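Subject: Structure for your review

Dear colleague,

Please find below the structure that I am handing over to you.

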Amino acid sequence: MTETTTHKPPTAHIEGQQHPLKLYFLVWGLLFVLSAFSYFVDYVGLQGLLRWSLIIVFMLLKAGLIVAVFMHIAWERLALTYAILLPPLAVLAFLAIMTFESDYTLATRISVFSGP
């Protein structure tokens, strides 16, 4: 006895995940608005810590949108996302720790080497 089975021929082109264009246009619009806010900070003439804080916040938001959507990190496995995002976050944490430590070191050197 012979059995005959019908097999589907392999497809030549397997389609990947498609993201709607609306998402890309939305992110593009958000990037445009965040850039406008960043330029507005300079236009208004804010100075000091407030100016730099706002510029850095807008910069980090834009970078996060670009990495999440255009570099497709939002759709990756969680392990890969952690492997990409945790090292820069650790560097920022160590940078904050070193900043506080440098203030302490400077204060100690001034008190010790300032004289009698």
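The notes that follow go from the overall architecture to individual residues.

Overall architecture

Please bear in mind that this is a predicted model. The protein has 3 helices and 0 strands, so that the order of elements from the N terminus is α-α-α, by the DSSP runs used here. Of the 116 residues, 10% are buried. The accessible surface amounts to about 10,400 Å², and carbon and sulfur atoms contribute 72% of that area. Among contacts with a separation of 6 or more, 57% are made by residues 24 or more positions apart.

Helix 1 and its cover

Helix 1 covers residues 21-44. After helix 1 comes Gly-45, which has a positive phi, near 90°.

Which residues of helix 1 are buried? They are Tyr-24, Val-27, Leu-31, Leu-34, Ser-38 and Val-41. The cover over these buried residues includes helix 2, residues 48-70.

Ser-38, in helix 1, deserves a separate entry. Its relative accessibility is 14%, and it counts as buried because the cut-off is under 20%. Apart from neighbours within four places in sequence, Ser-38 has contacts with Ile-55 and Phe-58.

Aromatic pairs

A pair of aromatic rings is described by the distance of the centres and the angle of the planes. Across the whole structure, the search returns 3 aromatic pairs. One of them joins Trp-28 and Phe-32: the ring centres are 6.1 Å apart and the planes stand at 20°, so the pair is stacked. Both residues belong to helix 1, where Trp-28 and Phe-32 are 4 residues apart, about one turn of the helix. Trp-28 and Phe-32 are both exposed.

Another pair consists of Phe-37 and Phe-58, with ring centres 5.8 Å apart and planes at 40°, so this pair is tilted. Phe-37 is in helix 1 and Phe-58 in helix 2, so the pair ties together parts that are 21 residues apart in sequence.

Salt bridge

The count of salt bridges is 1. Arg-51 and Asp-42 form it, and their closest N and O atoms are 2.8 Å apart. Asp-42 is partly exposed, with 38% relative accessible area.

Nonpolar surface patch

Where is Leu-85 found? Leu-85 is in helix 3, which covers residues 78-113. With a relative accessible area of 37%, Leu-85 is partly exposed. Leu-85 also belongs to a nonpolar patch on the surface. The patch is formed by Leu-78, Leu-80, Tyr-82, Ile-84, Leu-85, Leu-86, Leu-89, Leu-92, Phe-94, Leu-95, Ile-97 and Met-98. Together these residues have about 1,200 Å² of accessible area.

Yours sincerely,

A colleague

Technical notes:
Residues numbered from 1 in each chain as written. Predicted model: local features only at pLDDT ≥ 70, side-chain atom pairs only at ≥ 80, totals over all residues. Heavy atoms only, no water. Helix = DSSP H or I, 4+ residues; strand = E, 2+ residues; numbered from the N terminus. Buried < 20%, exposed > 50% of the residue type's maximum accessible area, 1.4 Å probe, protein only. Contact = heavy atoms within 4.5 Å. Areas by Shrake-Rupley, 256 points an atom, 1.4 Å probe, with all protein chains shown as cover. Patch = residues over 30% accessible without salt bridge, like charges linked within 9 Å, V, L, I, M, F, W, Y side chains within 5 Å. Salt bridge = Lys/Arg side-chain N within 4 Å of Asp/Glu carboxyl O. Expected span 1.5 Å × (residues − 1). Phe/Tyr/Trp six-rings, centres within 6.5 Å; stacked < 30°, edge-to-face > 60°.
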